[in-house]
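Hi everyone, thanks for coming. I'd like to walk you through one protein model, so please have a look at the picture as we go.

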Amino acid sequence: MAYKITYSNFKGGTGKTTNSTMMGYHLAAKGYKTLLIDLDPQANATTGLGIDKIELEYTVYDLLKKFDYPQFRELEFEKIVINKMGIDILPTNIKMSRIDTELGGFPGKENYLKDIVKTLPDYDYIIIDCPPSLSTLTHNALTVATDIYVPVKADYYSIEGIADLLDEVSMIKRKLNENLKVSGVFIT
């Protein structure tokens with residue numbers, strides 16, 4: 001069973017992307033089969049690994065839509081995953097910013113990533129880079145994760161968001177993912 005680790009904080013600029021990509025890189029360098037899922041519409045994990053987000057035909061955005069949009073039902077993981085520096089990545093781009101609107105009315109939308117992960121090849125680690133917001137994407141990440149790490153800057157606004165995030169984690173744990181645990185809060 002893969003460790004599914006998400007880096008999340010509702011505040012931007014705290015180091016979520018840097019830590020998720022570096023953790024993915026180091027795990028892959030140690031020989032672990034690692035998948036990085038970029039759920040942030042800014043796509044910094046995607047571009048940080050040298051992928052041109054503008055040139056992508058399909059992204060994890062399209063994969064998330066496969067359950068409710070017939071034109072994406074046949075879309076396979078293999079058409080989207082890219083290997084860079086030994087890490088498999090499910091890349092994204094700015095299209096991801098539309099996902100809340102497009103999936104907003106569908107029941108069970110918090111489980112889409114979990115349903116996708118169930119169909120993936122075996123990985124030792126799945127690392128998820130979250131957007132700096134409370135959204136469908138963040139809920140999907142928390143619903144599938146075994147562990148959450150919360151990077152914070154040593155400033156008031158970053159620390160203030162921790163209480164809100166921990167409340168959200170508690171709710172997700174009660175209703176959607178009893179295996180979720182906060183494995184670390186660290187200053188960047």
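I'll talk about some salt bridges, then a pocket, and then one threonine. Please keep in mind that this is a predicted model.

Let's start with charges. Side chains of opposite charge can pair when their charged atoms come close. In this model, the count comes to 5 salt bridges. One of them joins Lys-65 and Glu-102, with their closest N and O atoms 3.0 Å apart. Lys-65 sits in the loop between α3 (60-64) and β3 (82-84), while Glu-102 belongs to helix α4 (residues 99-103), so this pair ties together parts that are 37 residues apart in sequence.

Put together, Lys-65, Arg-98 and Glu-102 are linked in a network of salt bridges.

Now, is Lys-65 buried or exposed? Lys-65 counts as buried, because its relative accessibility is 6% and the cut-off for buried is under 20%. Glu-102, at 21%, counts as partly exposed. Arg-98 is partly exposed too, with a relative accessible area of 40%.

Here is another salt bridge: Asp-115 pairs with Lys-118, and their closest N and O atoms are 3.7 Å apart. Both residues are in helix α5, and because they are 3 residues apart there, about one helical turn separates them. Asp-115 is partly exposed at 27% relative accessibility, whereas Lys-118 is exposed at 62%.

Lys-118 brings us to the pocket. The largest pocket has a volume of about 360 Å³. It is lined by 17 residues, and the closest to its centre are Met-1, Ala-2, Lys-4, Val-117 and Lys-118. Sorted by class, the lining has 9 nonpolar, 4 polar and 4 charged residues.

Last stop: Thr-143, which lies in helix α6 (residues 136-144). How accessible is Thr-143, and what does its side chain reach? With 1% relative accessibility, Thr-143 counts as buried. Its side chain reaches the backbone oxygen of His-139 at 2.7 Å. Leaving aside neighbours within four places in sequence, Thr-143 is in contact with Glu-110, Asn-111, Lys-114, Ile-172, Leu-176 and Asn-177.

That's my tour, and I'm happy to go back to any part of it!

Note on methods:
Residues are numbered from 1 along each chain as its sequence is written. This is a predicted model: local features need pLDDT of at least 70, side-chain atom pairs count only at pLDDT 80 or more; totals for chains, interfaces and linings use all residues. Side-chain values use heavy atoms; hydrogens and water are left out. Helices (H or I, at least four residues) and strands (E, at least two) are DSSP runs, numbered from the N terminus. Buried means under 20% relative accessible area, exposed over 50%, partly exposed in between (1.4 Å probe, protein chains only). A polar contact is a pair of N or O atoms within 3.5 Å; within protein, one must be able to donate a hydrogen and the other to accept it, and residues adjacent in sequence count only if both atoms are side-chain atoms. Contact means heavy atoms within 4.5 Å. On a 1 Å grid over the protein atoms alone, a cavity is a set of points where a 1.4 Å probe fits but cannot get out, and a pocket is an open set with protein on both sides within 12 Å along at least five of seven lines; lining residues have an atom within 4 Å of a point. Grid points are joined across faces, edges and corners, and a volume is the space filled by probe spheres set on the points. Ala, Val, Leu, Ile, Met, Phe, Trp, Tyr, Cys and Pro count as nonpolar, Asp, Glu, Lys and Arg as charged, and the others, Gly among them, as polar. A salt bridge is a side-chain nitrogen of Lys or Arg within 4 Å of a carboxyl oxygen of Asp or Glu.
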